[in-house]
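Open the model in your viewer and keep the selection tool ready. This tour goes from stop to stop and says what to select next.

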Amino acid sequence: MSSDFTDGDEPREFVHDDDGGPDPETHCGHGRGGMGEEVRRKEDKRFITGRGNYIDDIKKPNMLFCDIVRSPHAHARIKNIDKSRALDVDGVVAVLTAEDLLEHDLATMPTLMSDTQDVLVRDKVKFQSQEVAAVIAEDRYAARDGADKVVVDYEVLDPVVTAEEALKDDAPVIRDDIEGQTDNHCLDWETGDKEATDAIFEEADVTVSEQMLYQRLHPAPIETCGSVADFDPGKDKLTVHMTSQAPHIHRTLFSQVSGIPEHKIRIVSPDVGGGFGNKVPIYPGYVVSAAASYVLERPVKWIEERSENIQSTGFARDYDMTGELAATEDGRIQAVRTDVLADHGAYNAVAQPSKFPAGFFKIFTGSYDVDAAYGSLTAAYTNSAPGGVAYRCSFRVTEAVYLIERMVKVLADELDMDPAEIRRKNFIQPDQFPYETPTGWNYDSGDYEAALDKALEMADYEHYREEQQRRIENDADKLIGIGISSFTEVVGAGPGKTCDIAGVEMFDSCDIRVHPTGNATVRVGVQTQGQGHETTFAQIVAEELGMDVDNITVEHGDTDTDPYGLGTYGSRSTPVAGAAAAVAARKVRDKAKSIAANELEAAEADIEWDRQSGEFHVAGAPDRSITITDIAASAYMNHPASEEPGLEAVDYYDPPEMTYPFGSYIVVVEVDRETGEVDFEKFVAVDDCGNRINPMIIEGQIHGGLAQGIGSAMMEHVTFDDNGNVTGGDFMNYLLPTAKEIPNFETGHTVTPSPHHPIGAKGVGESPLVGSPPAIVNAVVDAMAHEGISHIEMPMTPDRVWETLDSVGLSRDPSDSFEIEFGDTGAEPADD
């Protein structure tokens with residue numbers, strides 16, 4: 001696509017040097033902080049100076065505090081709840097149970113997938129740490145003391161911990177609250193053409209299969225969930241400050257649950273300390289604090305502890321997948337087949353568009369041109385917290401990418417082909433776009449080989465292949481492995497007719513108001529949790545209106561003032577709300593053109609917009625020009641008779657299609673045969689997110705996602721014992737990567753604009769967590785592939801890696817190294 005900046009609204013390409021700075025030959029270079037410039041994040045000043053405003057920073061007069069009593073059992077009937085001792089604790093104001101909530105029709109709440117979940121449990125708890133009662137007190141210490149005094153009499157039942165166990169005929173039924181439910185089956189789903197896929201497998205030269213688990217993870221945001229609810233009886237209005245990634249849809253759900261009219265509810269999401277999908281669902285704590293405030297007519301604050309967050313809020317992944325590929329002898333992939341067993345926890349509360357019970361998993365054909373595909377999934381209820389949130393991914397895309405990228409490695413090893421070359425052979429080619437996949441996605445644009453070529457060059461791929469072989473031949477103590485992942489994402493949900501949350505179509509919005517002095521306020525329907533919206537959306541508007549980015553303020557997170565939007569998750573901020581910002585700015589620009597004609601005393605048809613200078617001028621007379629600042633003043637002080645006063649516009653953008661960012665990641669690891677430890681020698685990430693708004697922010701997003709990818713592949717796992725107790729429910733047992741585990745990242749990019757997006761952008765925040773785990777696993781497997789290893793389950797802890805090495809005779813006894821170390825001196829090793 002041309003990099004010229006025209007007066008039209010077609011997407012333009014914004015190109016950058018490898019160092020991330022603007023390319024002077026192709027960038028507009030106006031220096032106003034528009035598209036493609038590395039503008040420092042506006043929001044960082046308050047964050048790095050301690051002036052952020054998070055939920056726990058909010059203090060209100062006469063405020064009460066809430067603490068939740070949680071079940072110590074994974075499966076148990078409640079026989080009795082005695083709250084008398086708790087009410088005797090100094091400072092305790094009230095103790096709420098399900099019986100109290102029933103009086104106000106608040107005992108249950110809908111999930112995002114039309115299931116019904118207990119707010120406080122009345123009869124049977126279904127997972128450890130489920131909410132049983134709530135203590136309201138004058139301070140949080142009294143609330144905690146009161147919670148400890150609540151006595152619950154349980155009848156403990158046999159738990160069901162895994163989806164496989166749950167589907168056995170003799171498994172205890174978890175959801176006996178659902179009429180007619182006689183087992184733990186939750187749902188079935190399928191996609192693709194089974195008959196055509198099976199036929200190809202029957203005739204294929206080569207077929208390969210592998211079973212793999214994408215283990216249960218938790219998003220673990222640095223800030224846990226919390227809320228401050230404040231019901232004002234004078235105004236008959238409920239205001240809830242809460243950790244929300246989607247304030248508007250949460251307001252709608254609050255209204256549905258409480259019966260309070262929606263215009264009498266205000267949701268405010270202040271600074272949010274990370275979300276990663278964890279803060280999309282409604283949790284019982286939110287509802288309890290609101291109910292308590294409504295009843296007691298005082299503000300009520302609820303803040304989770306870390307263990308509560310991990311044990312009871314939305315988990316991610318937990319897909320047990322079988323993948324199969326059918327191919328020709330020379331490595332052309334003909335068909336993909338997969339079967340998935342999904343653990344949905346105690347309720348069907350997955351956070352994804354309601355018409356997509358398996359999320360966007362059907363993108364499991366990846367970046368490859370295949371003839372047929374078929375996928376099936378069965379989901380089960382288990383005695384674990386509900387979840388299935390889109391942890392820094394677009395609704396199960398991470399699982400799909402892991403499946404296909406692992407399977408391509410398995411096929412390459414089976415055929416003794418280079419993993420890079422087998423990808424080249426099967427990539428969808430640039431001239432095939434738009435490309436319809438066998439499962440029904442419509443890819444917008446791509447140049448997969450260019451991204452792979454750049455990654456191979458950056459990784460010095462051939463050198464490490466030679467070094468790998470040398471170490472194998474020399475029986476070295478440390479093996480080299482090289483992993484590749486060439487992934488495609490689908491992001492930017494809607495379109496609204498296809499994608500909805502709780503029935504609300506997934507559009508998004510932007511409201512722009514240019515004030516008489518030429519400054520602008522931009523309000524958006526998405527909610528930042530660290531993505532830099534206050535900067536990037538300002539850059540989009542600055543680009544479209546010729547304004548200085550410093551003269552634009554972006555607001556979000558307040559349902560009383562911001563336009564209705566569906567929130568931030570699934571990398572939809574730039575593809576949907578970013579598009580709304582561009583289109584709204586163009587509406588402002590259209591009106592500004594009419595005002596410019598009036599001010600320049602010319603026909604509107606003779607007025608031209610100069611993106612480079614950010615001015616309107618008369619055709620053929622560039623010296624007769626006017627800036628948006630001057631136009632703004634005229635909009636309020638000398639508007640044309642044909643126009644209303646003011647200069648503002650709003651846009652509700654329903655995307656015609658989703659966008660499809662892609663990339664190629666290459667990881668080089670050293671595997672210690674003695675300890676099973678894995679060290680990263682090289683970590684290269686090349687991404688293509690279409691036109692780039694702020695390269696510096698993109699770089700930060702990539703680094704953060706790659707770190708989380710290392711956590712997923714090497715460390716993180718929410719585990720349970722046989723009784724359903726969460727054994728990975730705190731940071732002592734749920735391990736997150738630290739600076740010590742994170743290597744240097746080398747990042748690069750290609751630019752393939754989306755043809756249907758107003759600014760050609762695709763989204764990027766989730767790509768690194770989507771693409772990096774399969775690259776890491778492929779690398780570790782690759783170190784042992786010469787001895788027939790085809791798979792290692794995540795997390796690849798040192799003991800798991802060592803056991804895999806040992807299973808094929810590749811492990812090295814520590815005493816061997818000890819003898820070698822002293823061999824040159826003739827010294828004997830000491831006796832034990």
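Is phenylalanine 395 buried or exposed? Phenylalanine 395 is buried, with a relative accessible area of 2%; buried means under 20%, exposed over 50% and partly exposed in between, with a 1.4 Å probe and protein chains only.

Before moving on, note that this is a predicted model: local features need pLDDT of at least 70, side-chain atom pairs count only at pLDDT 80 or more, and totals for chains, interfaces and linings use all residues. Residues are numbered from 1 along each chain as its sequence is written, and side-chain values use heavy atoms, with hydrogens and water left out.

Helices (H or I, at least four residues) and strands (E, at least two) are DSSP runs, numbered from the N terminus. Phenylalanine 395 has a positive phi of about 60 degrees, although it is not a glycine. Most residues other than glycine have a negative phi, and most peptide bonds are trans.

Select phenylalanine 276 next. Its phi is also positive, at about 55 degrees. The residue sits in the loop between strand S13 (265-268) and H8. With a relative accessible area of 25%, phenylalanine 276 is partly exposed.

Now go to glycine 494, in the loop between strand S20 (478-488) and strand S21 (500-501). A cis peptide bond joins alanine 493 to glycine 494, with omega about 10 degrees. Another cis bond joins glycine 494 and proline 495, with omega about 15 degrees.

**Aromatic pairs**

Colour the rings of Phe, Tyr and Trp. The whole structure holds 26 aromatic pairs. Rings (for Trp, the six-membered one) pair if their centres lie within 6.5 Å; planes under 30 degrees apart count as stacked, over 60 as edge-to-face and the rest as tilted.

Select phenylalanine 231 and tyrosine 294. Their centres are 4.7 Å apart and their planes stand at 55 degrees, so the pair is tilted. The pair links distant parts of the chain: phenylalanine 231 is in strand S11 (residues 226-232) and tyrosine 294 in helix H8 (residues 284-296), 63 residues apart. Phenylalanine 231 is buried at 6% relative accessibility, whereas tyrosine 294 is partly exposed at 38%.

Compare phenylalanine 356 and phenylalanine 360. This pair is edge-to-face, 5.0 Å centre to centre, with 80 degrees between the planes. Phenylalanine 356 is buried at 10%, and phenylalanine 360 is buried at 0%.

**A charge over a ring**

Select arginine 337. It lies over the face of phenylalanine 201, at 3.9 Å from the ring centre. The criterion is NZ of Lys or CZ of Arg within 6 Å of the ring centre and within 35 degrees of the ring normal. Arginine 175 lies over the face of tyrosine 381, at 5.2 Å.

**Inside helix H10**

Which residues does tyrosine 402 contact, leaving aside its neighbours within four places in sequence? Among them are Met212, Tyr214, Pro773 and His791; contact means heavy atoms within 4.5 Å. Tyrosine 402 is found in helix H10 (residues 397-415) and is buried, at 0%.

Show strand S31 (residues 678-688) and strand S32 (residues 746-749). They run parallel, joined by 4 bridges; strands pair if DSSP finds at least two bridges between them. Valine 684 stands opposite glutamate 746 in S32.
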